[in-house]
Amino acid sequence: MYTYNEFDHAFVRDRTAEFRDQVARRIAGELTEDEFKPLRLMNGLYLQLHAYMLRVAIPYGTLSARQMRQLGYIARRWDRNWGHFTTRQNIQYNWTKLDDVPDILDALADVEMHAIQTSGNCIRNVTADQFAGVAADEIEDSRVWAEIMRQWSTLHPEFTFLPRKFKIAITGSENDRAAVKLHDIGLRMRRNDAGEVGFEVIVGGGQGRTPIVGETIREFLPKQHLLSYLEAILRTYNLLGRRDNLYKARIKILVAAVGIEKFAEMVEEEWHEIKDSALTLDAAKIAEIERHFAPPVYQEIAEPVAPYDAARFTDPAFAAWTRTNLFPHKQPGYTIVTVSLKPAGGVPGDATAEQMEALADLAEKYSLGELRIAHEQNVVLPYVRKQDLHTLWQALGEHGLADANIGLITDIISCPGLDYCNLANARAIPIAQRLSRHFSDPALQSEIGPITLNISGCINACGHHHVGNIGILGVDKKGVEHYQITIGGIADENAAIGKILGPSFPAESVVDAIDTLIGTFRKIRTEGETFIDTVTRVGITPFKETLYANH
Amino acid sequence: MPIIRNGRIQEDVWVSLTDREAETLGRDTPVLVSLEEWKAGRETLIANFDRRAIRLENADDVEDIREDLADLDAVILVFPKFNDGRAFSQARLLRDRFGFKGEIRATGHVIQDQFLFLQRCGVDAVEVMDEKLLDAWQRANRRFKGYYQPALDVVEGTGRDTAETVSSGHGAAYARVEPAVLASWAY
């Protein structure tokens, strides 16, 4: 993975020193809250309902065991002993004190981490496929490009006061695990007819108040032009994006207003001017970053791995876990493990300091010292030898981390909701907790099969409810928390926005309502059909009818 | 309000056409116009005044003055609110793409934490509420030892503080600087 050089180290230290100075000026009253706000936001610091929340960047979701251990240390020392992994592959600390934040940033800098641009109207932490570099199905390792974009976008002088926040996601695989069509810019690595690898560029996707699936403005962009093309998009947006209305300020609104063809034309025209500027990446520069992501030295392991197969045969609980929580690895004898942060009745994405430290230890022992954070709010161990799986699984179990539910109905994505967030209309966490308890029976989950269930506490959609196969949105109905239900959302390469089924439900009816939807599905599904297949085949009407007949 | 430029506090010399009675204006009056006024009276302004500046609102398209830059000594960009960042792109285009050598000034609600970004986009002057900000302006580009992306950076020791450069209206020199991605790459 990427390791800082002297420049990176100095840069992050200088940035921390700058923020320490800004905090001091704020405390001394030299900065108004209005002026301090964008500065703290650009360092990831929000003021929420009860306290300051610090959002720490985990660039493209990749981190080392040492970094994970430090995240645990920070949780214990400066927070209430836990952290929350987010849908943007970051971690949030919910209970920080303003005057501690510079010290926390120093502790992060000690392990090559920071909170730069995890908020504010700037280019946010670039997200990527959590299986990048190890997935059997990938074209190329997208982390190389995510790192190049991380560097380029860091304190970009021109694009730090954009009309609105700006999110870029990249996938190196045909199977999109990074929801690239739902970002301001989505990049898909592609191979052209000549066999060269470049990017398909998608713009204008996003969730929030106006959910839109992004559209392609360029089928194939040669690699070396990535940064100039991004600058062309960003400059066009910075000059023309709306600034009069917070809800109309994202690039998707500009794209919709001028039309995708016209927008593509404007970008191409701007790009033409800067295409061969200093932004062009020569092969040596690319190779220098690629060097950081060189594959590890793998052991030659023959498949099948006998002890692994034996353990599966003798230990059914382990076998169940291997069916849900593993993903095929590039290298024979290895596998990718997703560690669920979704225990029955738990808070999706939360991990305690002890769990973070345990994950760090296990990563060192079994995953070449590396971990990933998935946008589904789980932790990934990307380099596990199959022969170690049974021991690893047992060790995970000791820390409450062995749930066998990845991709199933209790693998719920949820934002923090009204328990923490001052934007929320309703709580999301208690709904997730009730649902995961209700559906906790492994046999039932397995019977229901692959499904995504996403919950947001408000229309800003941090919990990705628009693209959940089942989406739950918290709304405020005359001062009472209510929940609107959508079905048919898809986050992958076939991205789709879910459709609203009807009037919203009060909190106490949500579990029943979801149960009714699942009951309907189980009645009308054909052999082997997943929930989303059924919705695609029959539409929303049968679900709507049973849902509102019962309620 | 005071202006910071060329490493010192200066008076704002520009006189808005609309603020002054026509008979008090002389050939040597440094005259400031809006884009509209410039478009309407470009020839007259060039014929009657030796020094001319234009004030661009942030919805104005800098392309509109691309061909006229040789006739302008300064372009004044406006921040209606500090978080409205259009002027960053306007400055970048003026300095970098159009090669404008005159003063590019940021006015309005600018905060000191933006000084570095302004300088890296080619802005060489800023209007401030408080003269004490001179120090922050001068320190802005020294906070970091390098940068991750190519932009326009002030070249140390040029264009600073000589009477000549001040009166000629040509301030600090800007240079295209290779990315400090430099950092991780070339260096």
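User: Which residue of strand 15 of chain A stands opposite A:Val337?

Analyst: This is a predicted model, in which local features need pLDDT of at least 70 and side-chain atom pairs count only at pLDDT 80 or more, while totals for chains, interfaces and linings use all residues. Residues are numbered from 1 along each chain as its sequence is written, and chains are lettered from A and ligands numbered from 1 in the order in which they are written. Strand 12 (residues 334-339) and strand 15 (residues 379-385) of chain A run antiparallel and are joined by five bridges, where strands are DSSP runs of E of at least two residues, helices are runs of H or I of at least four, and both are numbered from the N terminus; two strands pair if DSSP finds at least two bridges between them. In strand 15 of chain A, the residue opposite A:Val337 is A:Leu381.

User: Why is one side of strand 3 and of strand 11 of chain A left without a neighbour in the sheet?

Analyst: The open sheet has five strands of chain A in the order 3-14-15-12-11, with antiparallel pairing. Strand 3 (62-64) and strand 11 (326-328) of chain A each lack a neighbour on one side because they stand at the edges, each with a single partner strand.

User: What angle does the direction of helix 3 of chain A make with that of strand 3 of chain A?

Analyst: Angles here run from 0 to 180 degrees between N-to-C directions, and the axes are lines fitted to C-alpha atoms, for helices over the stretch in contact. Helix 3 (residues 65-78) of chain A packs on this sheet by touching strand 3 and strand 14 (370-373) of chain A, where two residues are in contact if their C-beta atoms, placed from the backbone, lie within 7 Å. The angle between helix 3 and strand 3 of chain A is about 85°.

User: Which helix of chain A gives the most residues to the side of chain A that touches chain B?

Analyst: The contact takes 31 residues from chain A and 29 residues from chain B. The elements of chain A that give two or more residues to its side are helix 1 (6-27), helix 2 (33-41), helix 5 (143-153), helix 6 (226-240) and helix 9 (283-292). The most, seven residues, comes from helix 1 of chain A.

User: Why is strand 19 of chain A largely enclosed by the rest of the structure?

Analyst: A residue is buried if 20 or more other C-beta atoms lie within 10 Å of its own, exposed if 12 or fewer do, and partly exposed in between, with the C-beta atoms placed from the backbone. Strand 18 (residues 470-477) of chain A pairs with strand 19 of chain A in the antiparallel sense over eight bridges, and A:Ile470 has A:Ile487 as its bridge partner. Strand 19 (residues 480-487) of chain A is largely enclosed because the number of its eight residues that are buried is six.

User: Is helix 14 of chain A oblique or parallel to helix 16 of chain A?

Analyst: The axes of helix 14 (residues 429-438) and helix 16 (residues 510-524) of chain A come within 10 Å and cross at roughly 45°. Angles under 35 degrees count as roughly parallel, over 145 as roughly antiparallel, 65 to 115 as roughly perpendicular and the rest as oblique. Therefore helix 14 of chain A is, relative to helix 16 of chain A, oblique.

User: How many residues of strand 6 of chain B are buried?

Analyst: Strand 6 (residues 74-79) of chain B pairs in the parallel sense with strand 7 (residues 103-108) of chain B over six bridges, and four bridges join strand 6 to strand 5 (residues 52-56) of chain B, which also runs parallel to strand 6. B:Ala74, B:Ile76 and B:Val78 point one way from strand 6 of chain B, whereas B:Val75, B:Leu77 and B:Phe79 point the other way, and all are buried. Strand 6 of chain B is mostly covered, and of its six residues the number buried is six.
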